[in-house]
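The following exercises concern a predicted model. Each task is followed by a solution in steps.

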Amino acid sequence: MDIKKLLKDNLNPAQYEAVTTIDGPILVVAGAGTGKTRVIEYRVLYLVSKGISPQSILLLTFTRRAAREMLSRAARHNKLCEYIYGGTFHSFGFSIISEFATALGYKRPISFLDEADSEEIIYRLAIKLGYTEKKKRFPTKTTLKSVISASFNRGESIENVLLKDYPHFLHLAKNIEHLKEEYVKYKINHNLLDYDDLLIYLRLLLLKEPIRKRLSERFRYIMVDEFQDTNKIQAEIVYLLGKEHKNVMAVGDDAQSIYGFRGARYENMFEFLDIFPKAKIIKLEENYRSTQPILNLANAVIERAKKKYTKVLVAKREEKEKPKLFIFKDPQNEAEWVAEKIIELRNEGIPLHHIGVLFRSLYLGRPLEIALSKRLIPYKVYGGIRFIETAHIKDLISHIKIIANPLDELAWQRVLMLIEGIGPKTADKIINEIIKNGNFKEVLFSFSKNPRYGIGIKKLFEALKEASIERLSVAEIVSILSDYYMPILERKYDDYQRRASDIESLKQIAMGYKSIETFLVELIAIEPAEKSIDDIITLYEDEQPVILSTIHSAKGLEWDIVFIIGLADGHFPVSHNVMSEEELEEERRLFYVAITRAKTKLYLSVPHRGYRGGITIFNRLCRFLDDGEILKLLDVSEKDYLFEDYELAYDKEELLRKILEEL
DNA sequence: GCTTTACTAGTTTTT
DNA sequence: CTAGTAAAGC
């Protein structure tokens, strides 16, 4: 098949140029819906078709799902594309660090700390240092972790981070600075890595010339998607890798930068041109996704930003229907209406998975979840806590961690506290014994005589003994431990059946691993989510679900019909973020991202009444919409969607009879 | 008196 | 879901 013809048939001139320029740096400024995914997909294909080895191509994306999608689409034309390394900076960091662990002085296997683990360790160190004893308020463990993390990701001192994000803790700068040092020391001494380390250590490796040379020679063609949401370390990693060959393509859109809170800097887009002065700039402005009325709204919203963005999107699609704005009585009304509308659309023949409902924060989607469940409409929520961070999965993983490392204090803590009659004090006591003795079996056995919790300890003892028999497969270990955990799960959670199916998923994933250490590290560090977990948890086999998503998680996605709900000022933009101009601007870009997800129809809605802290408040429309000129771009209507006017379905006597009959 | 358990309020976005 | 607090249990 003639590759040039394939490209010509599928790409516009700007896209074609981006795809076929393979030597030297390029910056592709790609507005929403302008086909940047297509550019990456075909560029991958073009490189491979020119005989470039797939192993020398590196594709860095924002989520692993994005990489997988692009590569599998390219692979439809040429199988070789499957062998390209594609993933997030974090997963790339993970694989390089694993390869060079010894160069960093780390022993393999390395243990990996998830977010909660790192918070816990930091807080324990703070206690040890006596920082929490003072009468004055000390930050929570979440705050401590986020300050330390921000300091790494933004390359700023603790003092600067505090000044900007937590000025009321500024007086603690010295303490937290010290804590940061202690935390790093702790991780190095205990052979531990956290998420930030995946970037930090990758950069450190690249700062050693021989290693950098080797990696730079290996990855001769580098592509980075969503460049506007990379942070300082990530940009530096790209520059270091591309230093010699300069074959780097960065794709991004400064108007879609929405991860500032995580250290992302859209300035990286401009800095790219300083680092690579000869970079070719290609702008994609023809929008293939949305209709013109939808783009008119998107353009008007972003035009009112303080900072000027250069692109104006022009639609290729000509439909005339304006986006609609509905004002509802309260969030329940809003949810009921959206649910009914979704049914209506489904009856018109639109598949559910072509519909997306977006919101600023997860709680805004809750009423809709209820409304959809009531109507038995399958849905899936994007965003929120990850699979491995749900309580029941963390519980089971902690048991597995003990098998991998019998001296893992954090894991023991969690495991012991699950036993009835054991709280933090008793758990500490037992853990101290285990650390001192070194043989957990002996210790557990001695505690199994306690009248309060002895029986529970005995069961745990049996399960751990069985699971630590040599030569068991990972799947067998997981299975033994989950058999032990199941009764605990049932006792602890009302919705244990749903959670039990997650446990089954974990067993499935375990089957793919040969060593328990790799299983644990990969599960936590690079969560094989997109592949296995997402595919395994298919609750509704007959019908693809409608997607409910935070706007952040909707990045890069599109739907035929999009609802954006909860457009009340204070909820969106979030009230914390209206004080500083910088944060408010990011909220505006977030709204822009939400609007540009829609292909054909866009429904905006706001509940008039809301509740906060027990009192009813009346909402104002989201400030990005509350503007005469913008409202002109919308069809506005008020809906009082009530169910009170249903005919009386049961009278009191009948109701009583029915209920008793059911018993 | 020490520990565990039960309850309640408030909740931004995430690799 | 978790931090903080009140109540219950040994």
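**Exercise 1.** Describe the largest nonpolar core and the contacts of Phe-519.

*Solution.* Step one: the largest nonpolar core has 96 residues. Those with the most contacts inside this core are Trp-412, Leu-416 and Phe-519.

Step two: helix 22, residues 474–492, supplies the largest share of this core, namely nine residues.

Step three: if residues up to four places away in sequence are not counted, Phe-519 touches Ile-400, Val-474, Val-478, Leu-506, Ile-509, Ala-510 and Tyr-513.

Step four: there is also a second, separate core, which has 47 residues. Ala-298, Tyr-382, Phe-572 and Cys-622 are included in this second core.

**Exercise 2.** Which residues come nearest to DNA strand B, and which atoms lie beside its phosphate oxygens?

*Solution.* Step one: 26 residues are around DNA strand B, and those that come nearest are His-90, Arg-360, Gly-421, Gly-423 and Thr-426. Of the atoms of DNA strand B that come within 4 Å of the protein, 70% are accounted for by sugar and phosphate.

Step two: by class, the surface near DNA strand B has six nonpolar, 13 polar and seven charged residues. Helix 19, residues 424–437, gives the most to this surface, with three residues.

Step three: an N or O atom in the side chain of Thr-426 is 2.2 Å from a phosphate oxygen of DNA strand B. For Lys-425, a backbone N or O atom lies 3.1 Å from a phosphate oxygen of DNA strand B. A polar backbone atom of Leu-362 is likewise 3.1 Å from a phosphate oxygen of DNA strand B.

**Exercise 3.** Which residues surround DNA strand C, and how do they divide by class?

*Solution.* Step one: the residues surrounding DNA strand C are Lys-141, Ile-385, Arg-452 and Arg-499.

Step two: the surface near DNA strand C has three charged residues, one nonpolar residue and no polar residues.

Key. Residues numbered from 1 in each chain as written. Chains lettered and ligands numbered in written order. Predicted model: local features only at pLDDT ≥ 70, side-chain atom pairs only at ≥ 80, totals over all residues. Heavy atoms only, no water. Near = heavy atom within 4 Å. Nonpolar A, V, L, I, M, F, W, Y, C, P; charged D, E, K, R; others polar. Polar contact = N/O pair within 3.5 Å; in protein donor to acceptor, adjacent residues only side chain to side chain. Helix = DSSP H or I, 4+ residues; strand = E, 2+ residues; numbered from the N terminus. Core = buried A, V, L, I, M, F, W, Y, C linked by side-chain atoms within 4.5 Å. Buried < 20%, exposed > 50% of the residue type's maximum accessible area, 1.4 Å probe, protein only. Contact = heavy atoms within 4.5 Å.
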